[in-house]
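Please read the following points with the sequence and the model side by side.

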Amino acid sequence: MSNKTMILRALRTLPFALAVALAVPAFADNVKINDLIVATAVPDAQRDATVKAVRAFYEFWNSGDEAFLKQAIAPTFTDRTLPTGRPQGTEGPVFALRQFRAAVPDLKVTVEKMILAGDFVTVHMRFTGHFTGSFGKVQGNGQAIAFIATDLVKAENGRITDNWHIEDNLTLLQQMGIAKVTF
């Protein structure tokens, strides 16, 4: 594919990205999205419903407000990379966030990049906060935490049905003083 073709394709998606960025209503205490890319032509209604659901999902992580999660995920929600000990389905994200907020009560998430391609959305985010609570048997001392994560979510009919996720847990555990890496 020539550079000219790639540039023309990218420019064709620009109106979609601008429309989404301007059309999606803001939430109180809303999650920050630094960059939104619509990679394929998607019907406006589908695009808007998908972005609304994904925004609500990350606002749930950002604010801890379960009402956002109810707006975001389908009753059939499936975590495709379910960690040991986390319940499957709609209770999984609630369980995970409660556990994490017990350790990092001021948890915040910033969406660095969101790429919408049909029914799928890739989201790269940064979590920040302070380890002032407890994680297992370890008590925090106010350590700053900052780590990245990437999700691939599938949305149908304006709700997230599936989530594949990966977090930089090694960085997180090092910042918490739980993991030590030596070379």
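**Notes on the predicted model**

1. Of the 183 residues of the protein chain, 37% count as buried, where buried means under 20% relative accessible area, exposed over 50% and partly exposed in between, with a 1.4 Å probe and protein chains only. This is a predicted model, in which local features need pLDDT of at least 70 and side-chain atom pairs count only at pLDDT 80 or more, while totals for chains, interfaces and linings use all residues. Residues are numbered from 1 along each chain as its sequence is written, and side-chain values use heavy atoms, with hydrogens and water left out.

2. The protein chain holds 5 helices and 9 strands, these being DSSP runs (H or I, at least four residues, for helices; E, at least two, for strands) numbered from the N terminus.

3. Asp 168 sits in the loop between β9 (159–167) and α5 (169–175), and it counts as partly exposed because its relative accessibility is 25%. Apart from its neighbours within four places in sequence, Asp 168 is in contact with Phe 147 and Ile 148, contact meaning heavy atoms within 4.5 Å. From Asp 168 to Arg 126 the distance is 9.9 Å, C-alpha to C-alpha, although 42 residues separate them in sequence.

4. With contact taken in that sense, residues 24 or more positions apart account for 61% of the contacts in the protein chain with a separation of 6 or more.
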